[in-house]
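Please examine the structure below with attention to its charged side chains and the packing of its helices. A short briefing on both topics follows.

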Amino acid sequence: MPPFHIINGRNVEAVISSSRNQLVDWVKEAYLLHAGGASVNPDSYFLNFPQKPGTRIIALPAFLGGDYGAAGIKWVSSFPSNIERNIPRASATLILNDYETGYPFAFLEASRISAARTAASAVLGAEELTGSRSARTVSVIGAGVIARTVVDFFEAREWSVDKFLIHDRKAQYMESLARYVNSSTPYHSDTRSSLESAISGSDVVVLTTTAGTPHITQPGAFSNGQVVLNISLRDIGPEIVAASHNVLDDVDHCLKANTSPHLAEQLLGHRDFIDGSLPELMTRKIEVGEDKPKIFSPFGLGVLDLAVGLNVYRAAVERGLSTELADFFGDLTRWP
């Protein structure tokens with residue numbers, strides 16, 4: 001049985017920051033394994049708090065086969081009021097379990113894993129929907145941790161971007177992200193005070209807000225051929241979704257919890273507005289035209305956390321960045 005390892009957030013980030021380009025390939029591999037049936041990815045379980053509306057903790061159990069052969073569970077919380085305390089909205093942990101014995105063998109700080117796999121999935125979707133790694137303008141709506149992480153992954157994948165346009169309802173967040181882009185990346189950025197001016201004419205729109213209900217509802221908000229990365233899942237009105245091309249990371253998973261695609265399904269009573277999944281796009285089983293906006297909605301799968309977490313675990317152990325607890329389980333002898 002492997003020894004038990006703990007990997008803290010600082011060391012998780014050390015591995016991720018040196019592996020972003022490769023991390024997108026880990027996510028791509030996980031998607032393809034999942035599409036090929038080499039995974040178990042149950043529905044996420046939402047723990048809601050009646051006295052604290054808008055907050056939740058989500059459990060994402062999963063198994064990933066192939067060269068991974070491990071199971072695990074991510075336990076991720078979302079408490080929007082944290083931003084008033086100047087701490088991130090989300091926190092997370094990841095437990096990895098051995099497939100042979102079921103015993104856990106690693107415990108990782110996972111907010112960085114969660115942000116990284118989300119950003120990697122989004123940038124992968126952008127690459128598949130644009131057929132390139134270039135854009136004149138990329139608009140980022142919502143200027144939090146996920147937004148910054150997405151910019152980092154655009155850089156890691158060596159995207160050519162003339163300018164990032166940043167919009168957030170809170171000017172200080174918008175300006176902070178713009179400063180980060182201008183000072184810490186090779187890109188240039190400007191802020192936009194209105195949502196409409198940020199979106200209009202942009203090649204790629206990245207939605208990373210904390211919106212619980214749609215606020216982009218004006219017909220024609222997105223133009224034909226415009227790529228929309230619907231990361232936060234609930235910004236877009238169902239009528240706009242219904243009038244667009246739609247690629248989801250996993251159709252059944254995404255059509256729940258009142259996501260924008262789920263609202264469109266409820267509105268229309270069918271799923272015909274969905275073109276297919278990201279793995280189908282990657283393997284050219286589907287094609288998406290330029291005659292409508294192109295929306296990618298990633299619900300976020302536990303198998304992605306497993307793929308990233310297992311690779312981070314292996315690298316951390318190899319680089320001496322983990323803490324080993326040899327006696328974590330105490331006595332492992334079944335009979336005295």
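In this predicted model, a salt bridge (a side-chain nitrogen of Lys or Arg within 4 Å of a carboxyl oxygen of Asp or Glu) joins the side chains of D305 and K74, at 3.1 Å from N to O. The pair links distant parts of the chain, since D305 lies in helix α11 (residues 302–318) and K74 in strand β5 (residues 70–78), 231 residues apart. Both D305 and K74 are buried (under 20% relative accessible area; exposed is over 50%, partly exposed in between, with a 1.4 Å probe and protein chains only).

**Other salt bridges**
- The count comes to 15 salt bridges.
- K294 and E290 meet at 2.7 Å, N to O; K294 is buried, with a relative accessible area of 2%, whereas E290 is exposed at 51%.
- D25, E127, R133 and R157 form a linked network of salt bridges.

**Helix packing**
- The axes of helix α2 (residues 20–35) and helix α4 (residues 145–156) come within 8 Å and cross at roughly 100 degrees.
- Helix α2 is therefore roughly perpendicular to α4 (65 to 115 degrees).
- R20, N21, L23 and V24 in α2 are in contact with D152, F153 and A156 in α4 (heavy atoms within 4.5 Å).

**Basis of the values**
- Residues are numbered from 1 along each chain as its sequence is written, and side-chain values use heavy atoms, leaving out hydrogens and water.
- As this is a predicted model, local features need pLDDT of at least 70 and side-chain atom pairs count only at pLDDT 80 or more, while totals for chains, interfaces and linings use all residues.

Note on methods:
Axes fitted to C-alpha atoms, helices over the stretch in contact; angles between N-to-C directions. Helix = DSSP H or I, 4+ residues; strand = E, 2+ residues; numbered from the N terminus. Parallel < 35°, antiparallel > 145°, perpendicular 65-115°, else oblique.
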